[in-house]
Amino acid sequence: MSTIKVDAIQTTGGDSLYPARAWVNFNGTGTVSIRDDGNVSSITDNGTGTYTSNFSVVAPSSTYSYAISAVWDSTASSQMHAGRRNNSTMTTSAFYAESSNNLGSIFTPTDSPEFVSTIFC
């Protein structure tokens, strides 16, 4: 296997590219299981709708950007919400996230059959 080491990645036109530092697609219901990932060593199930994605290689900074989505497997009319876990501290070794729905008048933590997160830094 070859390794390519560079300081910056650019298009042929000279525009900078910023690839994901880590990403994961996992089943967050029942026994949590990773479907596919890049730089995620494991997922920790912290309780209903709350998860920790543990990085294989630490991030260079804890001030990264993230994108998250979650699917809710119900025929009921409501909205699914996915975001950084409330009151969690961003770290270089893990990312804390949660999923919830608003079937009632408030958001309720809910496990997601398909949870996806991507980290950029």
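Guide: From the N terminus on, the elements of the protein chain run β-β-β-β-β-β-β-β-β-β-β. That is 11 strands and 0 helices, read as DSSP runs (strands E, at least two residues; helices H or I, at least four) and numbered from the N terminus. This is a predicted model: local features need pLDDT of at least 70, side-chain atom pairs count only at pLDDT 80 or more, and totals for chains, interfaces and linings use all residues. Residues are numbered from 1 along each chain as its sequence is written, and side-chain values use heavy atoms, leaving out hydrogens and water.

Of the 121 residues, 31% are buried, meaning under 20% relative accessible area with a 1.4 Å probe, protein chains only. A nonpolar core joins buried Ala, Val, Leu, Ile, Met, Phe, Trp, Tyr and Cys residues through side-chain atoms within 4.5 Å. The largest one here has 17 residues. Phe 26, Ile 43, Phe 55, Tyr 64, Phe 95 and Phe 115 touch the most other members. At least two residues each come from strands E3 (22-27), E5 (40-47), E6 (50-55), E7 (65-71), E9 (94-101) and E11 (114-120). E3 gives the most, with 3 residues.

Now take Phe 115. Leaving aside neighbours within four places in sequence, its contacts include Val 24, Phe 26, Tyr 51, Ile 68, Ala 82 and Ala 97. Contact means heavy atoms within 4.5 Å. Across the chain, among contacts between residues at least 6 apart in sequence, 53% join residues at least 24 apart. The C-alpha atoms fill a box of roughly 50 × 30 × 30 Å, taken along the principal axes.

How values were computed: Buried < 20%, exposed > 50% of the residue type's maximum accessible area, 1.4 Å probe, protein only.
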